[in-house]
Amino acid sequence: MANEHYRNFSYNSSSTGVPAKIIELERFYRAEKDKGLKAGVISRINVHWPTPGKRCLVVSSRTMNIYSSRPVVLCLSGHDPSGGAGLQADIEALLAQGCHAAPAVTALTVQDTVNVTDFRVLDREWVLAQANAVLNDSEVAAVKLGMLGSLEMVDTVVELLSAHPHLPVVCDPVLRAGGGGRLGKDEVGYAMRERLLPLSIIATPNLPEARILAELPEGTADQCAEKLLPFVKHLLITGGHGDETEIHNRLYSRDGLRETYTCQRLPGSYHGSGCTLASALAGRLAQGENLASAVQTALNYTWRTLRDAEQLGKGQFVPRRLPLDFCS
């Protein structure tokens with residue numbers, strides 16, 4: 001918040017002339033204003049008459065605190081008009097990690113908290129223009145991928161990321177909405193596996209998505225990981241889609257690391273939990289956290305957003321990614 005100081009000078013006079021002292025002060029603060037604009041200090045000067053015969057000089061000095069920039073995370077994903085998933089989930093989750101989200105829209109969807117009924121993938125040129133505008137203007141610290149929706153969009157994102165190989169990429173292979181509706185053909189998942197996972201530091205599919213990517217319709221998390229690790233260094237397969245009393249989220253790494261994170265199952269189902277997790281993870285990596293710690297932090301954060309979720313529509317609960325007093 002900016003620091004703000006006020007100084008008030010009053011002079012009672014029955015004459016219509018302006019006292020010399022007021023003129024002197026006015027000139028002084030106007031000179032300070034001219035200097036301050038160059039130094040990051042804004043001065044506002046008002047000369048008014050609160051009552052007849054009383055001239056009051058009010059000087060407001062606003063000093064701008066200069067902060068180091070928050071990490072910028074480029075998000076390439078679809079727009080969900082319900083606000084539960086997609087780019088809005090990305091923005092909120094990244095804000096909560098102390099990052100700035102730069103959202104580039106890949107697709108428009110028709111969906112609510114119940115399910116998705118339609119979607120339209122944007123033209124390649126539009127998506128490249130959006131992303132390059134951010135990349136050419138800001139120092140991007142990480143990239144988060146969500147819904148792509150078509151083979152052409154996979155190719156577009158591959159082209160984009162290949163030009164920036166230094167950026168850590170978190171790939172959330174969105175193929176189904178929370179209600180089960182399709183957000184892309186299975187062929188899109190296969191293309192992501194072959195072309196995008198090798199460009200990513202980690203992928204975060206849920207178990208149904210991992211089965212599609214691995215082409216193992218009944219595969220376990222371990223079996224899917226064995227099939228997918230040749231394509232990606234790290235793989236986080238999230239649980240919760242069965243009827244188990246505890247949720248098991250499993251982290252696999254190509255170097256042999258295996259880690260299982262267990263949490264309490266919460267009642268109900270949730271819209272946008274996968275977007276929330278992947279974005280929180282991208283944010284932690286952008287903040288410089290190591291991968292294992294970032295995964296743990298992102299999982300803990302996501303669980304809390306589900307615990308505090310709201311029923312904003314007739315379907316699934318929407319994670320509360322920001323505190324209620326965020327703007328107070």
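Leu 74, Leu 76, Val 143, Leu 145, Leu 196 and Leu 235 touch the most other members of the largest nonpolar core, which has 43 residues. A nonpolar core here is a set of buried Ala, Val, Leu, Ile, Met, Phe, Trp, Tyr and Cys residues joined through side-chain atoms within 4.5 Å. Buried stands for under 20% relative accessible area, exposed for over 50%, and partly exposed for the range in between (1.4 Å probe, protein chains only). The model is predicted: local features need pLDDT of at least 70 and side-chain atom pairs count only at pLDDT 80 or more, while totals for chains, interfaces and linings use all residues. Residues are numbered from 1 along each chain as its sequence is written, and side-chain values use heavy atoms, with hydrogens and water left out.

- Another core, of 26 residues, lies apart from the largest one and includes Cys 75, Leu 277, Leu 299 and Tyr 301.
- Leu 76 has contacts (heavy atoms within 4.5 Å) with residues including Ala 104, Val 127, Ala 131, Val 143, Leu 145, Val 157 and Leu 160, not counting residues up to four places away in sequence.

**Helix α3**

- Val 127, Leu 128, Ala 131, Val 134 and Leu 135 are buried in α3.
- Seen down the axis of α3, these buried residues fall within an arc of 135° (taken from the directions from the helix axis to the C-beta atoms), so they line one face of the helix.
- That buried set packs against β4 (72–79), β5 (100–111), β7 and α4.
- Glu 125, Trp 126, Asn 136 and Asp 137, on the other side of α3, are exposed.

**Ser 150**

- Ser 150 sits in the loop between β7 (140–145) and α4 (151–162).
- Ser 150 counts as buried because its relative accessibility is 18%.
- Beyond its neighbours within four places in sequence, Ser 150 is in contact with Val 121 and Val 188.

**Whole chain**

- The protein chain has nine helices and 12 strands, defined as DSSP runs (H or I, at least four residues; E, at least two) numbered from the N terminus.
- Of its 328 residues, 45% are buried.
- Among contacts with a separation of 6 or more, 65% join residues 24 or more positions apart.
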